[in-house]
Amino acid sequence: MNYQNIIDKYYTEDNQLRYIFMTHSSLVTKRALKICDLHPELNLDRRFVEEAAMLHDIGIIKCHAPGIYCFGSEPYLIHGRIGAEMMRAEGYPAHARVCERHTGAGIGKEEIKRLELPLPYEDFLPETMEEKVICYADKFFSKTHPEVEKSINEAEKSLAKFGEDGLKRFKEWEMMFE
């Protein structure tokens with residue numbers, strides 16, 4: 001797979017959104033690959049981690065989040081689901097799973113029901129180790145300040161706003177990856 005061809009297909013203009021997407025994705029990828037290199041005992045598929053980390057946010061292009069130059073019509077919360085549909089259409093179902101499972105520290109079906117989120121009533125939790133590594137790495141970089149890496153405490157504080165479940169998963173990943 002050449003992930004750059006897929007990025008170029010959807011992000012055709014050299015504009016602020018492409019800059020944010022590429023900066024964010026590149027830094028998430030760099031952090032995820034560092035985890036791969038530091039933890040050979042996890043037997044991670046390094047090439048897959050690189051591809052999927054670069055593509056995990058592909059769906060933001062269709063979302064409405066003007067603060068990060070996204071001028072689509074869909075709610076930002078579902079960017080992972082949108083990205084998953086895009087990746088399945090491209091023929092990459094494993095990459096699609098990363099897209100739909102990276103939001104927060106994953107979103108469980110009970111959370112979807114309790115918060116009345118615009119998602120199907122099912123679990124969108126990272127399951128494979130590669131999915132977990134990418135989801136974890138993603139929490140250190142926002143798109144509003146794409147060049148700035150958060151500390152572990154800042155990442156935890158960001159996640160805590162969305163409930164205890166995601167924060168608990170993140171802390172479990174800290175123990176595995178740091």
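## An aromatic cluster

Y136, F140, F170 and F177 form one aromatic cluster. The model is predicted. Across the whole structure, a search finds five aromatic pairs.

R31 lies over the face of the F140 ring, 3.5 Å from the ring centre.

## Two nonpolar cores

The largest nonpolar core holds 27 residues. Within this core, I7, Y11, F21, L55, I58 and M87 touch the most other members. Several elements give two or more residues to the core. They are helix 1 (3-10), helix 2, helix 3 (46-55), strand 1 (63-65), helix 4 (79-90) and helix 5 (93-101).

In soluble globular proteins, nonpolar side chains tend to be buried together.

## M87 and its contacts

M87 is among the residues that touch the most other members of the largest core. Leaving out residues up to four places away in sequence, M87 touches M1, I6, L55, I58, Y92, H95, A96 and C99. Two of these partners, L55 and I58, are named beside M87 among the residues with the most contacts to other core members.

## H24, a buried histidine

H24 lies in helix 2, which spans residues 16-38. Is H24 buried or exposed? H24 has a relative accessible area of 1%, under the 20% cut-off, so it counts as buried.

Which residues does H24 touch, beyond those up to four places away in sequence? The contacts are H56, D57, D138, F141, S142, K143 and P146. With H56 there is also a polar contact: 3.2 Å joins the two side chains.

H24 and V148 are 124 residues apart in sequence. In space, their C-alpha atoms are 9.3 Å apart.

## Two loop residues with positive phi

N43 is not a glycine, yet it has a positive phi of about 50°. N43 sits in the loop between helix 2 and helix 3. Its relative accessible area is 66%, over the 50% cut-off, so N43 is exposed.

E116 is not a glycine either, and its phi is positive, at about 50°. Where is E116 found? E116 is in the loop between helix 6 (109-115) and helix 7 (129-138). E116 counts as exposed because its relative accessibility is 70%, and the cut-off is over 50%.

How values were computed. Residues are numbered from 1 along each chain as its sequence is written. This is a predicted model: local features need pLDDT of at least 70, side-chain atom pairs count only at pLDDT 80 or more; totals for chains, interfaces and linings use all residues. Side-chain values use heavy atoms; hydrogens and water are left out. Rings of Phe, Tyr and Trp (its six-membered ring) pair if their centres lie within 6.5 Å; planes under 30 degrees apart count as stacked, over 60 as edge-to-face and the rest as tilted. A charge sits over a ring if NZ of Lys or CZ of Arg is within 6 Å of the ring centre and within 35 degrees of the ring normal. Helices (H or I, at least four residues) and strands (E, at least two) are DSSP runs, numbered from the N terminus. Buried means under 20% relative accessible area, exposed over 50%, partly exposed in between (1.4 Å probe, protein chains only). Contact means heavy atoms within 4.5 Å. A polar contact is a pair of N or O atoms within 3.5 Å; within protein, one must be able to donate a hydrogen and the other to accept it, and residues adjacent in sequence count only if both atoms are side-chain atoms. A nonpolar core is a set of buried Ala, Val, Leu, Ile, Met, Phe, Trp, Tyr and Cys residues joined through side-chain atoms within 4.5 Å.
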